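Please keep the sequence and the model open while reading.

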Amino acid sequence: MSRIVVPLVLVAMVLFASAPLVVANAPFEQTMGLVQKIFYYHVPSAMLMFVSALLCGIASAVYLFRGSAAADRVAVAAGELVVLFGIIVLITGPLWARKAWGVWWEWDARLTSSLLLWMIFLAYLLVRRFGGPGSEKLAGAMALFGMANVPFVHVSVNYWRTLHPKTSVVMTLAPGMRGAFWFCAAAFAILYVLLLTLRKRLEDKRAVVEQLYLAVED
Amino acid sequence: MTQFLRVAWVVMRKDLTVEMRSREIVYTTVFFATSCVLVFAFALVREGRPLEDASAGILWISIAFAGTLGLGRTFERERHTETLRALMLAPSDRPAIYVGKLLGVLVLMAIVEAVLVPMVGLLFHAPIFARPHWLAALLAAGTLGFASVGTLFAAMLVRARSRDVLLPVLLYPITIPVIIAGVRGTAAIFQATPDEPMTRFWVALLVFFDVVFVTLSLWTFEPLMTE
């Protein structure tokens with residue numbers, strides 16, 4: 001495992017160091033100008049947030065039904081990353097919205113559903129942290145229910161309001177922008193894999209230490 | 001199957017019998033819900049006139065708050081008397097116990113709603129008799145959705161620390177679709193010209209939510225309640 005980590009760190013460092021240049025060289029969007037560049041950080045984070053939520057939900061289901069402790073450790077790592085990338089999304093989103101819509105926050109469908117997803121996983125972490133012994137299962141159920149909840153949140157909030165640019169915008173980008181976008185998406189994806197691996201490893205080590213403690217006590 | 005339903009029925013009857021003897025949960029929850037509506041009335045009624053369109057929201061917020069309280073109390077009783085373990089040791093299907101508990105919670109919430117709805121109608125001038133069958137459908141489907149997730153979480157939280165805080169922390173983000181659907185659907189029939197297709201859409205969403213979450217709860221109750 002550690003063999004992948006070092007090259008990944010290097011690649012991520014190079015990518016993130018050159019990302020500002022790539023983004024700066026991408027063509028300016030006609031109506032928004034400079035603010036549109038937030039997009040290169042906002043959208044990849046949002047994508048990874050949803051991927052991470054899915055991963056956390058699936059890992060939790062595996063943990064609940066198969067009792068696999070390793071799956072639970074993946075779930076913790078993924079759950080924390082949902083919250084982390086969610087913070088990036090929820091900070092960059094309003095920055096853009098202030099310029100594009102004139103307000104920091106708008107009760108738009110996609111904003112609201114991202115916020116709710118973020119809250120579900122924040123609750124997941126709260127249960128893990130403060131639920132006391134045996135709260136892993138409870139948290140697992142929360143992640144599973146949270147994942148099942150995504151379509152409902154999406155539909156209900158969509159009917160409630162919609163303002164956000166459609167996600168299909170990614171596929172119809174101008175060629176110059178497309179390159180920069182996928183560059184940033186790759187950088188974020190590598191960062192994500194890196195963080196997930198490291199976090200999972202920390203959790204693995206923690207489990208080993210716990211085992212050793214128990215062995216010493218016996 | 002008949003065995004399953006019998007167990008569920010027995011568990012529900014046990015809960016209701018215990019409740020009938022003390023009436024603790026019904027009285028406190030109804031009183032809590034009433035004071036909730038009053039708090040809203042003091043916040044939102046200006047110069048004797050209620051805010052327009054506020055009634056649907058107030059109704060559903062009060063249901064959610066009172067429901068959380070009722071759920072917490074129902075399982076607190078089991079914890080206090082150490083009877084949840086006994087219930088789990090009973091030689092029967094775990095999902096049947098869940099269904100029994102859920103039915104008990106539903107009866108309790110129905111009683112609370114029977115008080116809440118006329119009260120909101122009275123204090124906020126809501127036309128509760130405009131489309132009574134749609135209102136009943138919304139309340140039934142919404143309550144089932146809320147209670148199905150709530151019963152599962154409350155049952156799991158019995159063993160957890162700081163369970164009183166964690167129940168709403170877990171329950172509210174998950175049941176947001178129920179609240180949106182309930183409020184929007186109710187608002188659609190409370191407006192001057194009731195919008196039935198809109199309400200139908202929200203009821204359909206709620207029914208779909210119920211099916212998914214009751215199934216998920218039945219499916220996860222067994223692994224979750226195993227120590």
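## Helices H6 and H8 of chain B

In this predicted model, H6(B) passes H8(B) in a left-handed crossing. The two helices, H6 covering residues 132–157 of chain B and H8 covering residues 196–225 of chain B, pack at an angle of about 20 degrees, and their axes are 9 Å apart. Because angles under 35 degrees count as roughly parallel, H6(B) and H8(B) are roughly parallel to each other.

The residues of the contact of H6(B) with H8(B) are divided by class into 19 nonpolar, five polar and two charged.

## The contact between chains A and B

Chain A brings 28 residues to the contact and chain B brings 25 residues. On the side of chain A that touches chain B, helix H2 (39–66), helix H4 (109–130) and helix H5 (135–160) of chain A each supply at least two residues, and H5(A) gives the most, with 16 residues. By class, the residues of this side of chain A comprise 20 nonpolar, seven polar and one charged.

## Helix H4 of chain A against helix H7 of chain B

H4(A) is built from 22 residues and reaches 31 Å from its first C-alpha to its last, which is close to the 32 Å expected at 1.5 Å a residue. Across the contact, H4(A) packs with helix H7 (residues 163–190) of chain B at an angle of about 155 degrees, with their axes 9 Å apart. Since angles over 145 degrees count as roughly antiparallel, H4(A) is roughly antiparallel to H7(B). H4(A) passes H7(B) in a left-handed crossing.

From H4(A), the residues A:Leu116, A:Met119, A:Ile120, A:Ala123, A:Leu126 and A:Val127 meet B:Leu166, B:Val169, B:Leu170, B:Pro173, B:Ile174 and B:Ile176 of H7(B).

## The glycine after H4 of chain A

H4(A) is followed by A:Gly132, whose phi is positive, near 80 degrees, and A:Gly132 lies in the loop between H4 and H5 of chain A. With 14 other C-beta atoms within 10 Å, A:Gly132 is partly exposed, because that class falls between the limit of 12 or fewer for exposed and 20 or more for buried.

When residues up to four places away in sequence are not counted, A:Gly132 touches B:Ala160 and B:Arg161. A:Gly132 and A:Leu191, by comparison, are 59 residues apart in sequence and 31 Å apart in space, C-alpha to C-alpha.

Methods. Residues are numbered from 1 along each chain as its sequence is written. Chains are lettered from A and ligands numbered from 1 in the order in which they are written. This is a predicted model: local features need pLDDT of at least 70, side-chain atom pairs count only at pLDDT 80 or more; totals for chains, interfaces and linings use all residues. Two residues are in contact if their C-beta atoms, placed from the backbone, lie within 7 Å. Helices (H or I, at least four residues) and strands (E, at least two) are DSSP runs, numbered from the N terminus. Ala, Val, Leu, Ile, Met, Phe, Trp, Tyr, Cys and Pro count as nonpolar, Asp, Glu, Lys and Arg as charged, and the others, Gly among them, as polar. The expected span of a helix is 1.5 Å times one less than its number of residues. Axes are lines fitted to C-alpha atoms, for helices over the stretch in contact, and angles run from 0 to 180 degrees between N-to-C directions. Angles under 35 degrees count as roughly parallel, over 145 as roughly antiparallel, 65 to 115 as roughly perpendicular and the rest as oblique. A crossing is left-handed if the near helix is turned anticlockwise from the far one by less than a right angle, and right-handed if clockwise.
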